[in-house]
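Subject: Handover of a structure

Dear colleague,

Please find below the structure that I am handing over to you. My notes on what was found in it follow directly after.

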Amino acid sequence: MAAATAEKVQEIREVTRIERIGAHSHIRGLGLDDALEARQVSQGMVGQVKARKAAGVIMEIIKEGKIAGRGILIAGQPGTGKTAIAMGMAQALGTDTPFTSIAGSEIFSLEMSKTEALTQAFRKSIGVRIKEETEIIEGEIVEVQIDRPATGTGAKVGKLTLKTTEMETIYQLGQKMIESLTKEKAQAGDIVTIDKATGKITKLGRSFTRARDYDAMGAQTKFVQCPEGELQKRKEVVHTVTLHEIDVINSRTQGFLALFSGDTGEIKSEVREQINSKVAEWREEGKAEIVPGVLFVDEVHMLDIECFSFLNRALESDMAPILIMATNRGITRIRGTQYKSPHGIPIDLLDRLVIISTQPYEEKEIKQILKIRCEEEDVEMNDDALTVLTRIGMETSLRYSIQLITAANLVCRKRKGSEVDVDDIKRVYSLFLDESRSTQFLKEYQQEFMFNEMTQEEMETS
Amino acid sequence: MDAEEGLSSIEASDLLKYLTEIEMVAEDVLSSRREIIDLDRQRNKTREAVRALQKDKHRDKTWLCAGNMFLKVEKSKAISTLTKDYDELDAEINKVRSGLRPKVNKLRDLEKKEDLKGFDLDPLTPDEKRSVESLLL
């Protein structure tokens, strides 16, 4: 029974992800072995051995549930795999640990204050594990027998014969059960579960042994095996819900539909306090476990000084998730102030963080990444073209060369070629400018662009 | 050479010990499952018998089989005996079930798998469940 319920745990929250081929869709994990050593190429990760190893160590601590309320900063130049590492961590954590990913600029919205947006993101990253337990009767219907009184009116009585692979038994039915059986259209050969407490009947499907009873059958008829074991079972299901979900449900003005429309508005702090105390109570009674999750804030330099001071405070609360931030800035102005600080983050917050830095990729690594991307995007490319593309990647940027893959593939298909070769790459390279060539172009022809005359005149007068 | 052989024989005996232990624990789990099934079958039969006796309005006395002896007893007495049996079976099943979880966890521990998460929690009461029901899809 316990084994069967274990499988059910895996089933929950398995929402099919409709994912287009995104920039990081090839990441499957951190690519570490059991000893937390980073493999050179694994799970879509290439290079960045040190950073991945560091991330792996942090992952272990997260899994133990130990460092709630700490922060990690991933710092590095653009295109060095910061987001990739965060994505890898999310994948490696599995479905049971909540992972929320936001971009720094996401919190600036007219409908919600900055702190509200941050609080919601925080609470989305804290899971609460709860268990529900139900006594059910589960079996295949062998026979339903309903006796109607001869007069036509009065109470009906009936019998229901259920079986599992191990046993078979007869239940006497009362009026209510007969009604719900007729409502569910349950008949011999159906596999049903009956909730003992509520008497609710649920049809799971038809028994495989009855698969050939009729020739014409609805398309939605589901065939299931006859249940094993005892008839009267105890079903235990463990759910992990986030604090934010509970908030939304209990925030009365909204109702639970708000959860799906995405527009939750602001949640009153009283509601949050109530939920906090309820969850704390459950934890005391052994009814709930807190699962600290991970909040990932990309482009963290986009946050302003108010948000930083909020984060400072929020990290100290006893229900804080692990905060992972990523930035590509060096020493820069803190948003909302005149002061400059490393990574655009105030020193006092920086002091609470551990910093992982990512290094620019080497040529070999870029080639490997491009190869992985080709596979991800279903593009056939010969070796020469890949070498040329790698050179482009070295001289311009990794992102630019990744973007050329799809474009080159289209050019290749247009000339009805089977694999992308050097000419295709050259063609798209001449069609699409990279950032440095575009800058070069602008510098040369600046005078001919719009609004240029104005600034020119102003500059002359001044 | 001798030392190597000695080492491998130690390893082999360790392995054997390990496997025996796993098998023993696994067997324990299986026998508990078997026991629950047998008890549930008995429980259902008892329930059927009680129902049948309750429906039967013609006779005052009935045959009750105890061990391999048939006794003719008062129907009310028979019903109360059976109900008591039923309650005992119920309690017994619950006891075996509660014992099953640590056994499964021990097995998973031996197999170097992680413990089942959250199964050692106490369940929510129906009232509490209702308040978060829409989340529990």
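**Helix pairs in chain A**

In chain A, A:Leu404, A:Ala407, A:Ala408, A:Val411 and A:Cys412 of α13(A) meet A:Asp424, A:Ile425, A:Arg427, A:Val428 and A:Tyr429 of α14(A). By class, this contact of α13(A) with α14(A) consists of eight nonpolar and two charged residues, with no polar ones. Please bear in mind throughout that this is a predicted model.

Two packed helices are described by the angle between their axes and the distance between the axes. For α13 (residues 398-414) and α14 (residues 422-431) of chain A, the angle is about 115° and the axes are 9 Å apart. Their crossing is right-handed.

A second pair is formed by α2 (residues 49-64) and α3 (residues 82-93) of chain A, which pack at an angle of about 35° with their axes 11 Å apart. The crossing of α2(A) and α3(A) is right-handed. On the side of α2(A), the residues that take part are A:Ala51, A:Arg52, A:Ala55, A:Met59 and A:Ile62, and they meet A:Ile85, A:Met89, A:Ala92 and A:Leu93 of α3(A). The contact of α2(A) with α3(A) has eight nonpolar residues, one charged residue and no polar residues.

**An enclosed helix in chain A**

Helix α6 of chain A covers residues 243-250, and six of its eight residues are buried, so α6(A) is largely enclosed by the rest of the structure. The buried residues of α6(A) are A:Leu243, A:His244, A:Ile246, A:Asp247, A:Val248 and A:Ile249.

**Strands in chain A**

Chain A contains an open sheet of five strands, in the order β4-β13-β14-β3-β17, with parallel pairing. Strands β4 (99-103) and β17 (353-357) of chain A are the edge strands, each pairing on one side only. From one strand to the next, the twist averages 20°. Within this sheet order, β14 is listed beside β3. Strand β3 (residues 71-75) and strand β14 (residues 322-327) of chain A run parallel and are joined by five bridges. One of the residues concerned is A:Gly71, whose bridge partner in β14(A) is A:Leu323.

Elsewhere in chain A, strands β8 (residues 190-195) and β9 (residues 201-207) pair in the antiparallel sense over five bridges. The bridge partner of A:Ile194 in β9(A) is A:Ile201. The hairpin of β8(A) and β9(A) has five residues between the strands, and A:Gly199 takes a positive phi near 75° there. Strand β9(A) is also joined by two bridges to strand β10 (residues 223-224) of chain A, and these two strands run parallel. In β10(A), A:Val224 stands opposite A:Ser207.

**Chain B**

Chain B has three helices and two strands, which follow the pattern α-β-β-α-α along the sequence. How does the radius of gyration of chain B stand against that of a compact globule of 137 residues? Chain B has 25 Å, whereas such a globule would have a radius near 14 Å. Along the principal axes, the C-alpha atoms of chain B fill a box of roughly 85 × 50 × 15 Å. Buried residues make up 12% of the 137 residues in chain B. Among the contacts in chain B with a separation of 6 or more, 65% are between residues 24 or more positions apart.

B:Lys61 lies in strand β1 (residues 61-66) of chain B. B:Lys61 is partly exposed, because 13 other C-beta atoms lie within 10 Å. Apart from its neighbours within four places in sequence, B:Lys61 is in contact with B:Lys72, B:Val73, B:Glu74 and B:Lys75. The C-alpha atoms of B:Lys61 and B:Leu71, which are ten residues apart along the chain, are separated by 10.0 Å.

**Where the two chains meet**

The contact between the chains takes 34 residues from chain A and 26 residues from chain B. On the side of chain B that touches chain A, the elements that give two or more residues are α1 (2-55), α2 (75-110) and α3 (126-131) of chain B. The largest share, eight residues, comes from α1(B). By class, this side of chain B has 13 nonpolar, ten charged and three polar residues.

With kind regards

How values were computed. Residues are numbered from 1 along each chain as its sequence is written. Chains are lettered from A and ligands numbered from 1 in the order in which they are written. This is a predicted model: local features need pLDDT of at least 70, side-chain atom pairs count only at pLDDT 80 or more; totals for chains, interfaces and linings use all residues. Two residues are in contact if their C-beta atoms, placed from the backbone, lie within 7 Å. Helices (H or I, at least four residues) and strands (E, at least two) are DSSP runs, numbered from the N terminus. Ala, Val, Leu, Ile, Met, Phe, Trp, Tyr, Cys and Pro count as nonpolar, Asp, Glu, Lys and Arg as charged, and the others, Gly among them, as polar. Two strands pair if DSSP finds at least two bridges between them. The radius of gyration is taken over C-alpha atoms; the globule rule is 2.2 Å times the number of residues to the power 0.38. A residue is buried if 20 or more other C-beta atoms lie within 10 Å of its own, exposed if 12 or fewer, and partly exposed in between; C-beta atoms are placed from the backbone. Axes are lines fitted to C-alpha atoms, for helices over the stretch in contact, and angles run from 0 to 180 degrees between N-to-C directions. A crossing is left-handed if the near helix is turned anticlockwise from the far one by less than a right angle, and right-handed if clockwise.
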